[in-house]
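Please look at the sequence and the structure first.

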Amino acid sequence: MDQHTPESPRPRGLQMARSMCWHCQSAVTGEYFCERCVKVQPVSKETDYFTCLGFPRRLTLDPKKLEAKFYELSRTFHPDFYQTKSPAEQTISLGNAAVLNTAYRTLRDPIQRAEYLLGLEAGSVKDIRTSPPADLFEEILELQDTLEEYRSSERDSQDSHKLRTALEAEQRTLEQRKQEMEAQLQQLFTEWDRLQDRGEATSQTRVERDRLLKQIRDLLSNRTYITSIVNDLATTIA
Amino acid sequence: MTRIVGIDLGTTNSLVAYMKDGQPCVVPDRNGRTMVPSVVALTDNGLIVGDSAKEHLTRNPERTVYSVKRFMGKGLADVQNELAYFPYTLTETGGVIRIQLGEKRYSPPQISAMILKELKRRAEAYLGESIGKAVITVPAYFNDSQRQATKDAGLIAGLEVLRIINEPTAASLAYGLQKRTQGTIAVYDFGGGTFDISILKLKDGIFEVLATNGDTHLGGDDLDRLLVDLFIGQIQEQHGINLSEYSDHMQAARLEAERAKVRLSDDLKTTITIELPDDKGHFTRELTRDQLESLTIRVIERTLAPCRTALKDAGLTSTDIDEVVLVGGSTRMPLVRQSVEALFGKAPHCHLNPDEVVALGAAVQADILSGGTTDMLLLDVTPLSLGIETMGGVMSSLIRRNTTIPASAKELFTTYVDGQTGVDIHILQGERELVKDNRSLARFRLKVPPLPAGVPRIEVTFLIDANGILNVTATDMRTGQSQSIEVKPSYGLADAEVERMIEDSFKFAADDVSARKLIEARLDAEALLKTTEKSLAEAGDLITADEAEGIRNALSQLATAKDGHGSPYHPCADGRTRTGRKTVERGDAERFAQEKSAREESHRSHVKRAYGI
């Protein structure tokens, strides 16, 4: 999988769908365009979002650099600049721009970025289930009861006021917890990036790698769970 | 390089603009007016559009269509609760509203096409070249059906619509071009029939929309309606007349309400005068700005919730906004400005003409598409989430709202029954969980080879292009073959019907043109006679007797020509009107009148300055 050594860096540019230009059939050597006939080339279906935006598979990315690259590539691919070109080039530009937009949307958000990287490194993202943090299990069950009680309580009654205050306190606790999780995630992200930067492929680093991926996965699913509860809480007492 | 024009197809008024030496300009008519009222009337001499049609609103309300934009991409059920306000007859065929005009029924895209053709003609006459390509603006919150309907209108008008662009983002282009701003801006666009809010980040020539929101059924029309309802109630009370039974008087009341609203943007009070039916005299009352504001505040406040949602979706708070730009005629109301200022905590920018800025921006976008400009690029978003119906009547989102377009999503479909040969797919747009609460866009049937259940694998790609319009393609993953999909729109014209309308539009074009030209020439002549006579009366002493005599001669010749029948009558593009033998230098008379009123004006302002008024 991701076992590139520093001596053989991952190609930073876009990977093109074909090694041969769709138009003039010469070998494509340029990054996004055929060097001979200057036609735009389609982004390969296999290109991952990191490669697409020219970034290494890291979990902490500089948002400013990411944005700059997105703007640069938008200028390269946006259909607005292909209006006077052939229909084939217009279709390619449309497809490329759509991929670019999805790539940027995914990578600019640290959580989505991590989920996406998990999918790349350890199989399907769909495995990330939403699961409650083990230590909060009891508390969450209780919260669900309170929520139910509040929903069925009479509006503006004393009971409902009391329940509401309790729920608001609970919301603050959970928000706090969510922030802690995010801080923890950030730490794991840094660890992951450091491991990747070392670029070693020993059995020890493989164990380390799997441990990190598992921790990130667990935290992400806990966070998703807490997020949905907090949202639910917020809409109920809004 | 063929020219591409930018068109603002508005609810109340429409404009066309083009690029001249790197600057966008609005095309004026011969009288210098830039706005074409979005009104189409059927007269005995055929269909007419714009200022001349507007006069038929009160004369011939059942056959005069206004605010047609409200019906684009809609079914009859969507406008059920406002049918009473429209004097013309609406029906529905194939999920599309039809408007009865005389013997014929027209779809909203056909009516819009007439307005577009008028703009096209105007641009052609002004620029002296034929126009075949355009960028047309739509409210940012328009859904797929409404965008498609706008594109259809362009096709029917004989225009290749190179791009459908959102009105607030168009405005931001014009604004950005002029101000060279960097930072985060909010464009608050409150027009005649629609409301939009867009939050954009401007950086190094990139205009990135972060979020957009709005209400495609909220505009100045709704404010006028509140006023009309107030007047109707009082007329009933004071005169025992139910005005709503008289569609011509209703239109007069609506126009008076609109004018009063406009006046109250400058004045603190105004007088309303509405003629009553059956020679029962007039209804008059005073209306103060305070009264207008307390009547309309709830409607104006309805614009604020979308603003808050857009800010939240952009991940920003009002303090992050560097500048607020106002677009649309309704933003001239002081209360609107105050509400916007209160929400964003800063005075809005209103140095651009809110009526013209959208058309100007469309011209900038047209310039980008034609390769004239490469330093600006607009990255817009889709305003509504796109999804498909899944088990249990639930919508499953594929592309979330505020996703940068072009955007695509892929979904893999298979079968549940052995030998199943099709899968029905229902496409939706909206933010609600249940299918029934969202907007149905289209349905199609995916063709599947008869195989055991679960074996077929068809990948469907949903692509929202840079126009915000959905394109659907499907590929059989087993064979790699793509299949064409015939999408049946829920609220749109089928391709075949659009084709037929294009043909019709060419067929009737010749008849329409001559009838329209006669009517227009007469109206122009009438207006010219009136203004020149007025100027002569007011300032005739400023010119020599010879000059005055010459003008009077020209006037009487024009008057004869205007009322003439059958004689050759050829209005020319250069503004001259020629009768059989003699040539009336109407361009000259007109210029003369204008120069004179300019002289008068400067005279007046001298007086003002001298007395410090």
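Chain B holds an open sheet of three strands, in the order β6-β5-β7 and with antiparallel pairing. Strands here are DSSP runs (E, at least two residues), helices are DSSP runs (H or I, at least four residues), and both are numbered from the N terminus. Two strands pair if DSSP finds at least two bridges between them. This is a predicted model, in which local features need pLDDT of at least 70 and side-chain atom pairs count only at pLDDT 80 or more, while totals for chains, interfaces and linings use all residues. Residues are numbered from 1 along each chain as its sequence is written, chains are lettered from A and ligands numbered from 1 in the order in which they are written, and side-chain values use heavy atoms, with hydrogens and water left out.

Q: How many bridges join β5 of chain B to β6(B)?
A: Strand β5 covers residues 40-43 of chain B and runs antiparallel to β6(B). One facing pair is B:Ala41 opposite B:Ile48. The number of bridges joining the two strands is four.

Q: Which strands are at the edges of the five-stranded open sheet of chain B?
A: The order of this sheet is β21-β20-β23-β24-β28, with antiparallel pairing. At the β28(B) end, β24 (residues 439-447) pairs with β28(B) over two bridges, and B:Arg443 has B:Lys488 as its bridge partner. The strands that pair on one side only are β21 (394-399) and β28 (488-489) of chain B.

Q: How many residues of β25 in chain B are buried?
A: Buried means under 20% relative accessible area, exposed over 50%, and partly exposed in between (1.4 Å probe, protein chains only). In a regular strand the side chains alternate between the two faces of the sheet. In β25(B), B:Ile458, B:Val460, B:Phe462 and B:Ile464 on one side and B:Glu459, B:Thr461 and B:Leu463 on the other are all buried. For this strand, residues 458-464, the count of buried residues is seven of seven.

Q: Which residue in the turn between β25(B) and β26(B) has a positive phi?
A: β25(B) pairs antiparallel with β26 (residues 470-476) over seven bridges, with B:Leu463 opposite B:Asn471. The two strands form a hairpin with five residues between them. The turn residue with a positive phi, about 80°, is B:Gly468.

Q: Which residue of β25(B) stands opposite B:Ala407?
A: β25(B) also pairs in the antiparallel sense with β22 (residues 407-413) of chain B, over seven bridges. The residue opposite B:Ala407 is B:Ile464.

Q: What is the relative accessible area of B:Thr382?
A: B:Thr382 lies in the loop between β19 (377-379) and β20 (386-390) of chain B. Not counting residues up to four places away in sequence, B:Thr382 touches several residues (contact means heavy atoms within 4.5 Å), including B:Ile399, B:Gln429 and B:Ile464. B:Thr382 is buried, and its relative accessible area is 1%.

Q: How many helices does chain A have?
A: From the N terminus on, the elements of chain A run α-α-α-α-α-α-α. There are zero strands, and the number of helices is seven.

Q: Where in chain A is the pLDDT below 50?
A: pLDDT is the predictor's confidence in each residue, from 0 to 100. The mean for chain A is 82, and 88% of its residues reach 70 or more. Where pLDDT is low, the predicted coordinates should not be read in detail. The stretch below 50 is residues 1-17 of chain A.

Q: What area is buried between chain A and chain B?
A: Buried area is the accessible area (1.4 Å probe) that two parts lose on being put together, summed over both. Here 20 residues of chain A are in contact with 32 residues of chain B. Carbon and sulfur atoms give 53% of the buried area, which is about 2,000 Å².
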